[in-house]
Amino acid sequence: MIRIALLVAVKDLRIEARSRVLLWQVVPFGVMALLLCGLALGPTQVGHSSAAPGLFYLVVVLVALLMINRSHALETSPGTRASVATLGLDPAGVFLGKALALCVELWLSALVLLAGCVVVLHTDLHGTLVATPSILVTLAAIAAAGTLYGALTSGGNAAATLLPVLSLPAFAPLLIAGERSFNSALHGGALLEWWVISVVALAVYLGMGILLYGVLEES
Amino acid sequence: MTLEGPVVSLRGAVSMANGFPLLSGVDLELAPSSLTVLVGANGAGKTSLLQLMAGLIGLTSGEGNVLGFDLARDERRLLRRHVGWLGHEGSFYDDLTVSENLTFAAKALDRPLDDLSNVLARVELDGRRDTIAKALSAGQRRRLGLAWLLLRRPQLWLLDEPYASLDDQGRTFFDALLGEVIERGATVVVSAHDPLRSAHLAPVTVTMAGGQVVTA
């Protein structure tokens, strides 16, 4: 399972590095969305508002949805799908590999977006650094959940629009926990409790993915 | 795995997708080390029959046995590892190079990477090792698909319209390679719009229409 997971993750990351969709399309989209959030807040609110963590996670979700769709689109061209299916890859390994690749992509995007938060929304640098570990765990959970929901919707006629509808309720507790822990890191408060929610969610989604990914692939 | 009986045995095989019959009662038996050509108009069910034999779609009713795997007992996932599929759309990741695509397949199947050079030389793609798949011509893409199969060495080769967009030289190359793999014991099923031109391969021609085998 781990061997297949690493094989799939390396393959997905290599494709992403070569196509540069993440670098030239997804990340710039995220930065522009963050900039628009800053403009929407207005110059008097930026730096004083507690909305920055929420806005960061809002942008992260938009970016994640694009990446999830892209991650599954790699596998869904008819010829590729059939040929790869005949390789008989362990579905749990495929799930872990795709989730790992998506997680790495989300982490890289988040680093740029966090820098954007500091520059555009004027969040406190020290608080942002304190929040970073909890953000990484939350993003890993989003990657695991997103990979699962991406498999659920991929191949359908309206995968791109169905994915947000189905996955946002699953992301909601993660976003709340992530936003609260980021806020706590910036303005003080209970950081660990919210972080635990993200860790538990990560474990639950990884478990569900390992168990169910094969069924979703077949359906 | 050595089979004594037919490689493929289908009786009244029906396959449905979203309430629509893809195959509506196919009876077919294929002998080991044979070449079968499925011919028929668009929508006749050629690709669906190949997909059923590959374990890519399920058997809704009837009986089906491919390489000893019972399709009615839904042993499709197990079957897939023993068949090779080459679709007319391509069989690989467009943003990976020729070499990366083959390495992925070899590692997925735990095959030695030493075979890579031989396979690439056999399909005359050794000079294109570092070319990204989407930059290959149609003929070269087909050769990459063949390389993927040669590396896998499946017992049953299922080729969906492999001759589409191939020139005469490509067809000759393809036929020669199919002759080799059949000689080595593999069974090959090809879908095509027209009967195969290369008589020396002595193919069995199966005509399909309306999701059924009309003549075999």
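## Around helix 4 of chain B

Let's start just after helix 4 of chain B, where B:E124 takes a positive phi of about 55°. Keep in mind that this is a predicted model.

Now look at the helix itself. In helix 4 of chain B, which covers residues 115-122, B:L116, B:V119 and B:L120 are buried. Looking down the helix axis, you'd find these buried residues within an arc of 100°, so they line one face of the helix. What do they pack against? The buried residues of helix 4 of chain B pack against helix 3 (98-108) and helix 5 (138-152) of chain B.

## Two helices side by side in chain A

Over in chain A, there's a helix pair to look at. Two packed helices are described by the angle between their axes and the distance between the axes. Here, helix 2 (residues 21-41) and helix 5 (residues 91-120) of chain A pack at an angle of about 30°, and their axes are 10 Å apart. Angles under 35 degrees count as roughly parallel, and helix 2 and helix 5 of chain A are therefore roughly parallel to each other. The crossing of helix 2 of chain A past helix 5 of chain A is right-handed.

Which residues meet here? From helix 2 of chain A come A:L22, A:V26, A:V27, A:G30, A:V31, A:L34, A:L35 and A:G38, and they meet A:E105, A:S109, A:V112, A:L113, A:G116, A:C117 and A:V120 of helix 5. Sorted by type, the residues of this contact are 10 nonpolar, four polar and one charged.

## A closer look at A:V27

Let's pick out one residue from helix 2 of chain A: A:V27. Is A:V27 buried, exposed or partly exposed? A residue needs 20 or more neighbours to be buried; A:V27 has 19 C-beta neighbours inside 10 Å, so it counts as partly exposed.

Leaving out residues up to four places away in sequence, A:V27 touches A:L22, A:S109 and A:V112. As for A:A17, it sits 10 residues from A:V27 along the chain, and the C-alpha atoms of the two are separated by 13 Å.

## Where the chains touch

Finally, how do chains A and B come into contact? On this interface, 19 residues of chain A are in contact with 23 residues of chain B. Helix 1 (2-19) and helix 4 (78-85) of chain A are the elements that give two or more residues to chain A's side. Helix 1 of chain A gives the most, with seven residues. By type, chain A's side divides into nine nonpolar, seven polar and three charged residues.

Note on methods. Residues numbered from 1 in each chain as written. Chains lettered and ligands numbered in written order. Predicted model: local features only at pLDDT ≥ 70, side-chain atom pairs only at ≥ 80, totals over all residues. Contact = placed C-beta atoms within 7 Å. Helix = DSSP H or I, 4+ residues; strand = E, 2+ residues; numbered from the N terminus. Nonpolar A, V, L, I, M, F, W, Y, C, P; charged D, E, K, R; others polar. Buried ≥ 20, exposed ≤ 12 C-beta atoms within 10 Å, placed from the backbone. Arc of directions from axis to C-beta. Axes fitted to C-alpha atoms, helices over the stretch in contact; angles between N-to-C directions. Parallel < 35°, antiparallel > 145°, perpendicular 65-115°, else oblique. Left-handed = near helix turned anticlockwise from the far one by under 90°.
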